[in-house]
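Hi,

Here is the structure I promised to pass on. My notes on the sheet and the helices follow below it.

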Amino acid sequence: MTLIHTRRFLLRPIEEIDAPVFARLCNDEQIARNTSRIPHPYTLEDAEGFTAAISQAFALGKEFAFAVCDNGELIACCGVTRITIELYELGYWVSAPARGCGVATEAARAVSHFAFAERSAEKLLAGHFTDNPASGRVLEKTGFRKTGETRKQFSLGRGGEAESARMAMMREDFAPPPDVTFA
């Protein structure tokens, strides 16, 4: 099992037993609006389907999603999806009580480090809906740079497409956080 330790958090693979917590935390209109794959409302059935699928994707090396835990409590989710052997896309969300405390930035740095160090990624992609500039600031603090590209991206929570600003980061431009370890 891959565990990532940061200064404040433990990031661990998502397990099927996490479904009730995911159902509670993701049933948040702001999370749904700012992600592409989370519908609103978000039900236990949605969470059970996600946790089962993501556990299988992790085992197959297709997607590496981590539960971000603070003192054992799941507060956020951050992961990367493999696009090619050397190209991954980063995504995340943070629960309402944990927003504004640097959780997304710390988790995004840790998972980016995982992708570069443990998965041999050469490049990471990410995006944020243009009406969510806070997510863009998280990505910039992580080391991502604007590509200048925007595109329409579908969001289940919005029930349609919205403008997404695209960002990228190359391995050689990433400064690994000194307080991140893998176990």
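Before the details, contact here means heavy atoms within 4.5 Å. This is a predicted model, where local features need pLDDT of at least 70, side-chain atom pairs count only at pLDDT 80 or more, and totals for chains, interfaces and linings use all residues. Residues are numbered from 1 along each chain as its sequence is written, and side-chain values use heavy atoms, with hydrogens and water left out.

Helices (H or I, at least four residues) and strands (E, at least two) are DSSP runs, numbered from the N terminus.

Let's start with helix H5 (residues 133-142): its buried residues (under 20% relative accessible area, 1.4 Å probe, protein chains only) are Ser 135, Gly 136, Val 138, Leu 139 and Thr 142. Looking down the H5 axis, these fall within an arc of 155° (taken from the directions from the helix axis to the C-beta atoms), so they line one face of the helix. They pack against E5, H4, E6 and E8.

Nine strands make an open sheet with mixed pairing, in the order E7-E8-E6-E5-E4-E3-E2-E1-E9; two strands pair if DSSP finds at least two bridges between them. E7 (145-155) and E9 (181-182) are at the edges with a single partner strand each, so one side of each has no neighbour in the sheet. Inside it, E5 (residues 87-94) and E6 (residues 123-129) run parallel and are joined by three bridges. Tyr 88 has Leu 124 in E6 as its bridge partner.

Cheers

How values were computed. Buried < 20%, exposed > 50% of the residue type's maximum accessible area, 1.4 Å probe, protein only.
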